[in-house]
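The notes follow in the order in which I looked things up.

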Amino acid sequence: MSSSGAPVRCGWAESNALLRAYHDQEWGQPVTDSRALWEALVLETFQAGLSWNTVLQKRENFRRAFCGFDPHRVAAFTQDDQARLMGNAGIIRSRAKIAATVANAQAWLAMHERGEDFATFAWGMVRTAQAHERGSGLEPHSPLSVTVAKALKHKGFRFVGPTTAQAWMQAVGMLDGHEATCFCYRAGSSTP
């Protein structure tokens, strides 16, 4: 708590109410649902090079544009669908990121069809590393995020470099990216 009695948050979350609510209620909470993990990865992909606030403000538009982040439906998007999305002012209009989202839905679906659970795959990479990799929450990437990015690319995912992987792992609670002074900071592992 601060001297005023308000909770102390990570510095990035203090600029507006939307970021504060996201930080307090979602960011860093362990996500174990495969579809929700894929949604978070898509949003982190769109965030690359931009502020998270921009993505968060457009999140509901992204959900509508990408069929509620249903990978089965997004995997079937055609070139015409992608062109339509380029005209959607409610989302971030990046041809490369839209194409990557479709490719990533196809990669997710291919794993599913082989009997591989995306959540088991993702969390399996961090179970042992999570307790050892703390950081300050400010690192753009880590040795683990390099490993995770390579593993995702090996599975066919695109636009998932180490920085995107690091942000994704922090957002879904695989790594604790909260600053040590933040009221959400965990002293130990919370691996599900």
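**Helix packing**

I looked up helix α2 (residues 34-47) and helix α9 (residues 162-171), which pack at an angle of about 135° with their axes 9 Å apart; helices here are DSSP runs of H or I of at least four residues, numbered from the N terminus, and axes are lines fitted to C-alpha atoms over the stretch in contact, with angles from 0 to 180 degrees between N-to-C directions. That angle makes α2 oblique to α9 (under 35 degrees is roughly parallel, over 145 roughly antiparallel, 65 to 115 roughly perpendicular, and the rest oblique).

I then listed the contact (heavy atoms within 4.5 Å), which is made by L37, A40, L41, E44 and T45 of α2 and by T164, A167, W168 and A171 of α9.

The model is predicted, with pLDDT of at least 70 needed for local features and 80 or more for side-chain atom pairs, while totals for chains, interfaces and linings use all residues. Residues are numbered from 1 along each chain as its sequence is written, and side-chain values use heavy atoms, leaving out hydrogens and water.

**Burial and the end of α9**

I noted that seven of the 10 residues of α9 are buried, so the helix is mostly covered (buried is under 20% relative accessible area with a 1.4 Å probe, protein chains only); among them are W168 and M169. Just after α9, I found G173 with a positive phi of about 80°.

**Cysteines**

I searched the whole structure for disulfides and found zero, a disulfide being a pair of cysteine sulfur atoms within 2.5 Å. The sulfur of C184 lies 4.3 Å from its closest cysteine sulfur, in C182, which is too far for a bond. C184 counts as buried because its relative accessibility is 15%.

Key. Helix = DSSP H or I, 4+ residues; strand = E, 2+ residues; numbered from the N terminus. Buried < 20%, exposed > 50% of the residue type's maximum accessible area, 1.4 Å probe, protein only.
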